[in-house]
Amino acid sequence: MADEKKLNQQPDNKDGQEQYSLNDDRRVKVLSPGALVAKRFFRNRLAIVGLVMLIFMFAFSFLGGLIVPYGEAEQFYTYEEQMKDYVNVTKNEDFRYAVADGQDFSTILRAKFISAYQSGKEEFEDSKKVKYSYKISGEDFAEIYQGDTIVAIAYKDIVNTADGAAEPSFEVKRAALLANANGEGTFTADGKSYTLDEDGNVIDGSEVIAYLSRFVVQAALPDIVPTREFKERLEEAIDAGDEEFIDTDEEGEHVYKIVYNASTQVWAIQQSTPTYIYDQYASPSGEHWLGTDGSGMDVLTRLMYGGRVSLIIGFIVVIIETVLGVIMGGIAGYFGGWVDNLIMRLVDIFYCIPSMPIIIILGAAMDNSNVDPQLRMLLLMLILGILGWAGIARLVRGQILSLREQEFMTATEACGIRASRRIFRHLIPNVIPQLIVICTMGLGSTILTEATLSFLGVGVKFPFASWGNIISDVNTSYVMTTYWFVWIPAGICLLVAVLGFNFVGDGLRDAFDPRMKR
């Protein structure tokens with residue numbers, strides 16, 4: 001033992017320093033290829049920045065959705081005062097008609113009366129040569145006869161039935177209009193006496209049964225029944241040229257806005273009504289940190305779930321492209337000849353396919369077919385993957401063409417290893433470093449493609465969120481400039497994710513190639 005120790009121990013050098021043999025435990029250790037790649041990667045500061053960005057985006061997208069209290073498609077509501085159409089008002093300038101009991105005065109006869117009235121003729125006849133005449137009994141009031149029998153009356157002042165009263169008979173309407181045209185305060189009809197006051201009220205004893213007015217009030221909805229008091233205040237406001245007025249009913253005080261349309265000569269009366277609506281474009285607050293979007297959904301929650309969708313689509317599309325590209329490129333590069341020629345022509349065809357127009361057309365077709373949003377997302381990933389494998393196939397083919405002539409491949413052939421094992425066990429692993437780089441950098445472009453398609457409305461659909469369809473809320477310059485909190489955060493998420501993948505891809509490229517500048 002002493003002799004062996006003497007043999008291993010080396011004499012001191014001239015400076016008196018102790019020398020060690022090669023089997024000493026303190027010798028320098030050689031790093032493995034994987035460790036060398038990792039060391040080169042982590043020395044690249046830009047790659048580390050990209051890695052941190054990606055870790056943050058993955059945590060934000062996949063962990064944030066578990067923490068946030070809202071659902072992906074949860075919508076929020078709020079009460080808001082809105083002006084809604086209540087009634088429409090027109091001032092009657094045309095003749096209206098009331099037909100006597102048992103008589104008929106058709107639309108054709110009314111047209112013939114108007115023609116005779118405008119031309120100054122006192123008589124007119126129908127298609128059967130039956131003659132009619134009319135008598136102007138007052139301003140804007142006429143009585144129409146067939147012989148000595150009254151058929152109808154034509155008037156411009158309208159007889160409105162009072163609230164809770166029965167509709168007046170023809171004789172009451174006729175006598176009231178005649179009294180109003182002649183400025184009389186009383187009249188008799190159906191054997192009873194009536195009073196017509198200065199406000200146009202038709203009074204039977206002490207009860208108002210009707211009133212005269214030139215204004216026609218039509219409710220915007222069937223369940224709206226304007227009261228007499230409301231109509232009077234409305235007429236006063238219109239005559240005074242007011243733009244709004246206030247009326248009080250059983251539900252409380254309401255503000256009405258008067259909007260006049262000069263082209264149609266119609267006053268649109270709008271009522272201020274508290275309405276339960278989507279909480280659209282709410283500003284950032286303690287409840288919604290980034291506000292709400294145009295559908296009343298929390299923007300921060302949509303960003304988190306949208307990150308999941310965008311990142312998952314990016315990874316699945318790249319996996320589909322890689323699988324197809326490796327298989328086709330590996331077969332073409334190994335076998336060569338007509339197999340290589342056939343596959344490369346197929347690659348050329350896929351390079352020439354206009355991917356974006358085809359995807360837009362397919363998206364429009366899925367819209368028309370009402371494809372389920374989840375199935376649509378799966379089809380989108382499949383289409384993007386099938387259309388994007390050609391570049392990876394060409395890369396794999398080029399690498400395998402140079403590798404298959406090396407000595408280790410000659411050895412595998414001499415050992416009788418079958419072709420599929422030679423390709424996928426010995427050739428493809430040598431291409432993996434280049435595949436990792438190109439796939440990492442391709443993830444960013446895939447996410448941008450998905451975002452573009454979703455922005456155009458042919459990608460991910462509601463209720464699923466993606467960064468692209470979040471930005472699609474910006475459909476006008478007003479939304480873009482006013483509600484910046486809807487689209488800027490989604491744009492920042494896209495920027496961070498794509499930059500992160502590009503930085504990591506650049507770092508991996510430098511790490512796998514030691515000839516690159518450090």
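Biologist: Where is K129 placed?

Modeller: K129 lies in the loop between β3 (123-125) and β4 (131-138); strands are DSSP runs of E with at least two residues, helices are runs of H or I with at least four, and both are numbered from the N terminus. This is a predicted model, where local features need pLDDT of at least 70 and side-chain atom pairs count only at pLDDT 80 or more, while totals for chains, interfaces and linings use all residues. Residues are numbered from 1 along each chain as its sequence is written, and side-chain values use heavy atoms, leaving out hydrogens and water.

Biologist: Why is K129 called exposed?

Modeller: Its relative accessible area is 59%. Exposed means over 50%, buried under 20% and partly exposed in between, with a 1.4 Å probe and protein chains only, so K129 counts as exposed.

Biologist: And what makes L378 partly exposed?

Modeller: L378 has 47% relative accessibility, so it falls in the partly exposed class. L378 sits in helix α10.

Biologist: What is the phi of N370?

Modeller: Phi of N370 is near 55°, a positive value in a residue other than glycine. Most residues other than glycine have a negative phi. N370 belongs to the loop between α9 (355-368) and α10, and at 66% relative accessibility it is exposed. For K129, phi is near 65°, also positive.

Biologist: Which residues does the cis peptide bond join?

Modeller: Happy to show you: F462 and P463, with omega about 15°. P463 is in the loop between α14 (432-455) and α15 (467-471).
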